Amino acid sequence: MVKVLSSTIGYPRIGGKREWKRALESFWSGAISEAELLTKTKEIRLDNLRKQKEIGIDLIPVGEFSLYDHVLDTSIMFGIVPTRFEYAGGKVPLDTYFAIARGNKDAIASEMTKWFNTNYHYIVPELDNVTPKLVENRPLEFYREAKKELGINGKPVLLGPITFIKLAKSSEDISFAERVEQFTPLYIEVLKGLADAGAEWVQIDEPIFTSELSADELKAVQKAYAAIDEAVPSLKIIVQTYFEKVSNYKEISALPVHALGLDFVHGNTIELLQKFGFPKDKVLVAGVVDGRNVWKTNLDVKLSLLDEIQSYVEKDRLIIQPSSSLLHVPVSIKLEANLDNVIKGGLSFADEKLLEIVHLTKAVRDGKETIATKLEENKNALTTLNNSKYRQNVEVKGNIKSLTESDVNRASPFVERILAQRKRFKLPLLPTTTIGSLPQTAEVRQQRSKWRRGENSAEQYEQFIKDQISKWIDIQEEIGLDVLVHGEFERTDMVEYFGEKFEGFVVSQFGWVQSYGSRCVKPPLILGDVAFSQPITVKESVYAQSLTKKPVKGMLTGPVTILNWSFVRDDIPRFEVLNQIAYALRHEVEELEKNGIHMIQVDEPALREGLPLNLSDRNGYLDAAVHAFKIATASVENDTQIHTHMCYSDFNEIIDSISALDADVISIEVSRSHGELISAFEKNTYDKEIGLGVYDIHSPRVPSKVELRQNINRALKTINPNQFWINPDCGLKTRNEEETIAALKVMVEAAKEIRAEQLALVK
């Protein structure tokens, strides 16, 4: 009889102290060679595997490690390189790999967008004008490496063919079924190589199975997996899903594979077992530990869940693992030396989650009494946190309940507000601005570090920030921008900064996770009731406004984005936490307005990111998001202009909710999608003002004026010039000063030219 096994779906690739990030950026800057990069990242990869082995995980994933993004890895494994990049065939060179992700002087990067409903970004595969073929069996290379170097008979991980095709883009007249037929032999080739090398288990990730598939699509899925089963019958293939319950459960659970991985944390998957049962011929890989949050797992609750699961599947057909890859959580709580022990005792990062998996597996395998001490420790830690001062703010709860309908609506409709705002600001046609942040240079980061270490006084650091603001106000004036920003030099991260200021949050020291490429973020921990205590952004905004007669935007992060980009307490409903954040932000908005800042941007780049994968849950989420945004922004006067910013989203399906936010101006990214997002506004009438990001700030290149004119003119075919703002697609924090100034100059020149042309048409 096969014993119950422990498993992992994936492990953080960045290293405990972001060693991976430093290696990548050193290579990009020319400080280390390609060989040195590969050596350094191999060390990180092997250390990750070694750690999982030592903790006691039975099925250790190999091949999910990446130098940038696992979706891009799948593309280059099959030689899928957009034609604008030079590629002669064969194994894709590393420089080409990074160029697809980041662009180069001759070609723009491929589109980057959110990985389902997470803050991880993937590089969208481009299938036009390419003939896929296997040019590098990456899973096989990683499998052999783990076996040779560490004696680990690992579980190779592949992004599945259905998910890969559904996430890719193509304008060619090729049906989904034809695409699946095109890729199925390539996957079989990969899997045959693994079978020949001795692999026993293989994990094929198909998170797209949480979305509704049509009858024709399901036929193509069944045909593909039947072909795989026939070609490699010796492999124990796990079709792995995560982030939600499986939509077409009856069909997916009937696929001819050895095991099915289900997420029992997000989405009510247990209902599927209750309604349909579980196939007698399959192993259930149960994701019961939250792979996307950092709070300690309640082991008693999870053991009760596993007891119920065992009423549908025998113990010898059960594997226990996290709900998703641990890519979405930090590496280890052991690095956190500065956290209150009450908080630290309630946390669980990747390594701690692996231990939780091992404990749960042992309890199911050998009986709960074998982990009695661990169960008691777990219960005490959670009780201590839940009864702590952090979670007992009665005033906050009362304030939220007392809000009325009039409190969450602007005093006048947009058509009246915009007249008052135009009278106040007197902006030209097609006003130019930026999204908010300006380059955070090495000097900015060094000065912040010196201040945090006590090497510089608070007064010295504050003067440095003021000098940076003054410098960049002058630069923006010289460039000719119409609406300026203070640059956010005092902020580490757009969410973490507010987490440091609001009550109810705490910020970790090494709680980093990958967002895109080498960009890592450190989500704050929402551990208690959220409350405003004192102004956060007023000082810098007021100082910047004192330096210029042009309007300076106050810059805030919106409630939905703060929620979605934080690790949120799991003891109360998320929407309750969302409203607490919004109410705290409402105070900050009012403080800015009171101090003379009448243009306030409340960014919501993560609004669509949190959209439930299950269609039936989406309206509830969107209604809650709109309500929270309005709690934060509705109390201002008519002539105070509320902006918001969103990025990397398909806006067509949520355009009504975007309008319902009732922001006076929205700005969205359209550059990486090569203008395709403009289609949302071609198909829908939008009655407020809008800025479409006209160049990609994530790519280290200065756009040409021709390129920007094309992007602007396409938008003006759909959007009235009187509604239209011109801006980059996102904040400029990650760019250097030289390229930022050069790109903004080109943008302003293009805007002025088109402004003159539009005015000439009116005459």
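**Close-ups of a predicted model**

**View 1. Helix 22 is mostly tucked away, with 15 of its 21 residues buried.** Buried means under 20% relative accessible area, exposed means over 50%, and partly exposed is in between (1.4 Å probe, protein chains only). Helices (H or I, at least four residues) are DSSP runs, numbered from the N terminus. This is a predicted model, so local features need pLDDT of at least 70, side-chain atom pairs count only at pLDDT 80 or more, and totals for chains, interfaces and linings use all residues. Residues are numbered from 1 along each chain as its sequence is written, and side-chain values use heavy atoms, leaving out hydrogens and water. Just past helix 22, glycine 596 has a positive phi of about 90°.

**View 2. Phe209 and Ile309 touch the most other members of the largest nonpolar core, which has 111 residues.** Helix 7 (residues 176-197) gives this core its largest share, 9 residues. A nonpolar core is a set of buried Ala, Val, Leu, Ile, Met, Phe, Trp, Tyr and Cys residues joined through side-chain atoms within 4.5 Å. Beyond its neighbours within four places in sequence, isoleucine 309 is in contact (heavy atoms within 4.5 Å) with residues including Phe264, Leu284 and Leu318.

View 3. The structure holds 0 disulfides (pairs of cysteine sulfur atoms within 2.5 Å). Cysteine 520 is buried at 3% relative accessibility, and cysteine 730 is buried at 17%.

Notes: Helix = DSSP H or I, 4+ residues; strand = E, 2+ residues; numbered from the N terminus.
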